[in-house]
Amino acid sequence: DEPSSGLDVLSAGEVRNIIRTAADNGLAVLLSSHNMLEVELLCDRIALINQGKIVAIGTAPELKQQYAADNIEQVFIKIVS
C-alpha cells in the first residue's frame, strides 16, 4: 500500500526497482497506490477503483487507448468525472 509514500526521490526509485525486479523474477506483486505515475510505471495490469468498485481493468496501453488519454491519471479522471 503506497510503497513510496513519504520517501525522497532516490529512495522511491530504489523501492520501485525492488518491486519491478521481484515481478520480473516471477513473483506476484499486488500494488495499491493513489500515485498514478507509480501505477503506470510498475503495473502490468491495472484495476481502477472508485468508491469501492472496480471501474476499469486493463494494461496501461489498453486503458489509455480505450479512454483516449495520455496517462492513467487522465483515464481515472475521465471515468469518475
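User: Buried means under 20% relative accessible area, exposed over 50%, and partly exposed in between. Which of these is Glu-2?
Analyst: Remember that this model is predicted. In it, Glu-2 has a relative accessible area of 23%. That falls between 20% and 50%, so Glu-2 is partly exposed.

User: Where does Glu-2 lie?
Analyst: Glu-2 is in the segment before α1.

User: What about the phi of Glu-2?
Analyst: The phi is positive, about 50°, although Glu-2 is not a glycine. Most residues other than glycine have a negative phi.

User: Which residue has a phi near 50° in the hairpin of β1 and β2?
Analyst: That is Gln-51, and its phi is positive. Gln-51 is not a glycine either. The residue sits in the loop between β1 and β2. This hairpin has 2 residues between its strands.

User: Is Gln-51 buried or exposed?
Analyst: Exposed, because its relative accessible area is 74%, and the cut-off is over 50%.

User: OK, strands. How many bridges join β1 to β2?
Analyst: There are 5 bridges, and the two strands run antiparallel. Strand β2 covers residues 53-58.

User: What is the bridge partner of Leu-48?
Analyst: Leu-48 pairs with Ala-56 in β2.

User: And what else does Leu-48 touch?
Analyst: Set aside residues up to four places away in sequence. Leu-48 then touches Met-36, Lys-53, Ile-54, Val-55, Ala-56, Ile-72, Val-75, Phe-76 and Ile-79.

User: Ile-54 is on that list. Is Ile-54 buried or exposed?
Analyst: Ile-54 is exposed, because its relative accessible area is 53% and exposed means over 50%. The residue belongs to strand β2. Beyond residues up to four places away in sequence, Ile-54 touches Ala-47, Leu-48 and Ile-49.

User: Now the core. How many residues has the largest nonpolar core?
Analyst: That core has 14 residues. Those with the most contacts inside it are Leu-31, Val-39, Ile-46, Leu-48, Leu-63, Ile-72 and Val-75.

User: Which elements each supply at least two residues of this core?
Analyst: Those are α2 (36-42), β1 (46-50), α3 (60-66) and α4 (72-80). The largest share, 3 residues, comes from α2.

User: Where is Glu-38 found?
Analyst: Glu-38 is in helix α2.

User: Is Glu-38 buried or exposed?
Analyst: Buried, because its relative accessible area is 1%, and buried means under 20%.

User: What is Glu-38 in contact with?
Analyst: Leave aside neighbours within four places in sequence. Glu-38 is then in contact with Pro-3, Ser-4, Arg-16, Leu-31 and Ser-33.

User: What is the lining like by class?
Analyst: The lining has 16 nonpolar, 3 polar and 5 charged residues.

User: Which element gives the lining of the largest pocket its largest share?
Analyst: Strand β1 does, with 4 residues. Elements that each supply at least two lining residues are α1 (9-24), α2 and β1.

User: Which residues turn up in both the core and the pocket lists?

How values were computed. Residues are numbered from 1 along each chain as its sequence is written. This is a predicted model: local features need pLDDT of at least 70, side-chain atom pairs count only at pLDDT 80 or more; totals for chains, interfaces and linings use all residues. Side-chain values use heavy atoms; hydrogens and water are left out. A nonpolar core is a set of buried Ala, Val, Leu, Ile, Met, Phe, Trp, Tyr and Cys residues joined through side-chain atoms within 4.5 Å. Buried means under 20% relative accessible area, exposed over 50%, partly exposed in between (1.4 Å probe, protein chains only). Contact means heavy atoms within 4.5 Å. Ala, Val, Leu, Ile, Met, Phe, Trp, Tyr, Cys and Pro count as nonpolar, Asp, Glu, Lys and Arg as charged, and the others, Gly among them, as polar. Two strands pair if DSSP finds at least two bridges between them.
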